[in-house]
Each structure stands twice: as structure tokens, then as C-alpha cells.
Amino acid sequence: MSQFTLQSGSLYCEDVSLADIAAKHGTPTYVYSAASIDAAFREYQTALYGRPHLICYAVKANSNLAILNRLARLGAGFDVVSGGELERVIRAGGDAGKVVFSGVGKTRSELALALDRGIRCFNIESESELRQLADIAGELGKTAPVSIRINPDVDAGTHPYISTGLRENKFGVDASTARRLYMMARDSDALNPMGLDCHIGSQILDINPFLESVDFLTAVINDLSKEGIKLSHLDVGGGLGVSYETPAPKIDDYIAALLDRLSTMDLELILEPGRSIVAMAGALLTKVEYLKPTSQRHFAIVDAAMNDLLRPALYGAWQEICPVKPRSGEVLEWDVVGPVCETADFLGKARPLSLSEGDLLSIMGAGAYGYSMTSNYNSRPRAAEVLVEGATTHLISERESVDALWQRESIPPEGSL
Ligand code: LLP
């Protein structure tokens, strides 16, 4: 159930009107529903009840401390892809012992940091990375818990930029390389091979590719067990899509299908969902600055831009755009665009809307890969973020100040011309 509803002709998040949030905090502002985040996380928990599991929320989807803290309190573990994300999790009150560390390019210092913090598992993506980790763990007198990330060569049927499980992608290793790496790990005092990992992509709308990859992983696990390598967990990654435009599978149907496929396997199940927990919990509030009808198109120029929400520009993504106070005037097809000097700077194209200058719009499904992909392009300060809990709002990140834009910059002494 969406927590964004029309109440007396005005869009609300839970019990708070978006117009009130805009009046208080300005625009552009990200608004998140706490109830929606809780509900999605609990749907995973309920569906997995009775099965040993750990839900490692993918921090990259939305890494605000308040959201990480909320998920930690609900019992989440975390999937991180950088030292920065690991430190965020710890700062937010998350348990390092429930963290898995993914990504193809973990640096020496990130590996050392994660060893020092005592994370749950390293998801290893290459032989060089495994050797580097063994080296560092040996120096620190530690044993590093590892999973090897398998690339099952499965087509997730998603946008090519977020498809990760095909042989031509940079992620994971093939089954025969994995087998060799497990032998290396088994024979090393500095490494403990404890799991198997996979992630085939994001915004996946069909359950079948997940099942196909799980079958592949099961075969690898059986093969390893014949070699005497007994693993304790299977990490199936994240990737479940959400209903931006076309319907997505429900979380519990997805988990039921996974559990059915894994019914004979007794390993602990790790999942790394990001989008399916936070996407539909968020909206980006923006104001129409100017209406600019031309002979070709109708442009509605708003105060949010591609630096605030990159998904439409980068992937051609479609997200619903709703008026905060729907009006009954003439409906035209508007291209909702930002002020950034690029033609890619659009948030939606040909949207049937009745608009006036000064209207507020809400870009829906913006809770995942929205704020976390923001930038300062065109020297635009980052938007504010607000978390709604019932009738209460919390400002969980302030709008960035203009001064902050150059806080880390400096001008060399004069005379160098
Ligand atoms: N685990 C790993 C190793 C990942 O690379 C990702 C996402 C996830 C988990 C979480 O996947 P999710 O459940 O959120 O689909 N910026 C893109 C999405 C990039 C996803 C990258 N990896 C977008 O806005 O669509």
C-alpha cells in the first residue's frame, strides 16, 4: 500500500501534506515514508520466517544515516561497496558483524578497514582481490571470511547499465575460476571460505532469472562440497524490481519462489535488497518555475534537475510525476525538465498534466538511487531530505549551503600566472 495518498485534493505522505513540507523546507526536497520502509523490510522478514537468513540492505540505494539507523533497528544487516558506506553503517548504529562487502575494486585500505571493523564477509570478485585480502589479513594476523561472487551468465532482462550477471560484465568470476579460488582460500590460513555470492542486476521484473542463477549456484555448491569445501551461507544478492511503470513481482512471491527452489539446501540465506525496500517510500518534491510552450514541445521547467535525480537522464528511467494539488484546468503533454544546461536534463517527458507556474510536483518512486546519486553539477547544492513518521516530520539532511560547494577548494597563491 502506498503511503502517498490524495487527501482532500492534496497529496500527503502518511499524515503530512507535501505542500506543508515544501512550505517549511523549500524545494527540491526528498520526502520518505518511514512506514513504507518498515513495511517493505518486514515483508522480507515475514517471507523468510523460519529460514536462517540475513537481510543485508544495499546501502547504495539510499544511505542517509536515519534510514540506515531505522533498518538497523529492524534487524537489518548491510551490503556495502566502499569504506565510506561501511563507516556510514557503523555511524548509523549498524552492526559491522552483519555487513557484507561487495564490489570489484576494494582498495587495500578499504580491505584493512573492513577487517579491522570485523565485517561478516567479503564478497570477492577476482583472484587479485583474493590474494590482496589474504596478504593484508596475514599482516594483521586475522582470518578473512570470504564468499566468491559467481557470474552465472544469466540475462536479467534489465537495462544494460544495471545488468551485472552476464559473462561480458565486469562482475564476479565464472564457475571454474570460483572453484580454483575456493581451493586457494581453503589452503590459506588468512582466509576462511564461508559463502557463495551472486548478484545479477537491478530493477529485475521477472523472477525466472533469479531462479536460473540459483540453480547455477546450487550446482557450484554441490560441486564444492564434493571437494570437501562446506559453505555456511548463500548470498543471492539484490535486484528485485519495483513498479515504476509496469508491475513488479511482490517481495513475498519472490522469496517464496526462491525458498521453493532452495528447499533442499540448508545454508543460511543472505539477500542484498536495496531498491525494493526504499524506492516506493520516497518522492522528490519540486516546484514549477516556468512554463515554456514552444512550437514543438511544452516544457515545464522545475527547480529539480538531473543532479538531484539522475535516473531519467542516465537510464531513460520513467517515474510517475504527480501534481501535489491536482487542478482541473486544460491538460497538456509537458516535458518536465530541470535548469541544467544539458538536453539530458529531464525528469519526465510528455506527461499529461494541468500546470501553472508555482505548482508543486512530486516525482514518485524516488527513494532508491535518488539522493544517493546526486551531484553538485552546475554548482547546484544538494536537496534537503525529510523523513515522515505518521504526522511527524524529521529533517534528516539539511539542504546544502552554497558555501559548502567550495569548502574543500582553495586558490593557489597569486604569482603563479
Ligand atoms: N548487491 C550488489 C552487489 C549490487 O551491486 C546492488 C546494486 C545491490 C545489491 C542492490 O540491488 P537492488 O536490490 O537495489 O536492485 N543506479 C541504478 C541501480 C544500480 C544498482 C547497482 N547495484 C538505478 O538507479 O536504477
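The model is predicted, so to speak of local features we need pLDDT of at least 70, and side-chain atom pairs count only at pLDDT 80 or more, while totals for chains, interfaces and linings use all residues. Residues are numbered from 1 along each chain as its sequence is written, and side-chain values use heavy atoms, with hydrogens and water left out.

**Exercise 1. Describe the largest pocket: what is its volume, and which residues lie nearest its centre?**

Step 1: Start with the terms. On a 1 Å grid over the protein atoms alone, a pocket is an open set of points with protein on both sides within 12 Å along at least five of seven lines, a cavity is a set where a 1.4 Å probe fits but cannot get out, and lining residues have an atom within 4 Å of a point. Grid points are joined across faces, edges and corners, and a volume is the space filled by probe spheres set on the points.

Step 2: Read off the volume, which is about 670 Å³ for the largest pocket.

Step 3: Turn to the lining. It has 31 residues, and Met 1, Ser 2, Ser 36, Ser 276 and Met 280 lie nearest the centre.

Step 4: Look at the elements. Helices (H or I, at least four residues) and strands (E, at least two) are DSSP runs, numbered from the N terminus. Helix H2 (34-47) and helix H10 (275-278) each supply at least two lining residues, and H2 gives the most, with five.

Step 5: Sort by class. Ala, Val, Leu, Ile, Met, Phe, Trp, Tyr, Cys and Pro count as nonpolar, Asp, Glu, Lys and Arg as charged, and the others, Gly among them, as polar. The lining of the largest pocket has 19 nonpolar, eight polar and four charged residues.

**Exercise 2. Why does the second largest pocket lie between domain 1 and domain 2?**

Step 1: Find the pocket. It holds about 570 Å³ of space. Its lining has 29 residues, with Lys 60, Thr 164, Phe 171, His 199 and Tyr 369 closest to the centre.

Step 2: Check the domains, whose bounds come from an automatic or database domain assignment. Domain 1 (4-32 + 279-406) and domain 2 (103-271) both give residues to this lining, so the pocket lies between them.

**Exercise 3. What lines the largest cavity?**

Step 1: Search the whole structure, which gives one cavity of 30 Å³ or more. The largest cavity holds about 50 Å³.

Step 2: List some of its lining, including Cys 198, Phe 210, Leu 217 and Tyr 254. Helix H8 (208-226) and helix H9 (251-261) each give two or more residues, and the largest share, four residues, comes from H8.

Step 3: Count by class: eight nonpolar, two polar and no charged residues.

**Exercise 4. Where are Pro 28 and Gln 203 placed?**

Step 1: Most residues other than glycine have a negative phi, and most peptide bonds are trans.

Step 2: A cis peptide bond joins Thr 27 and Pro 28, with omega about -5°. Pro 28 is in the loop between helix H1 (18-25) and strand E4 (29-33).

Step 3: Gln 203 has a positive phi, near 50°, and sits in the loop between strand E10 (191-197) and H8.
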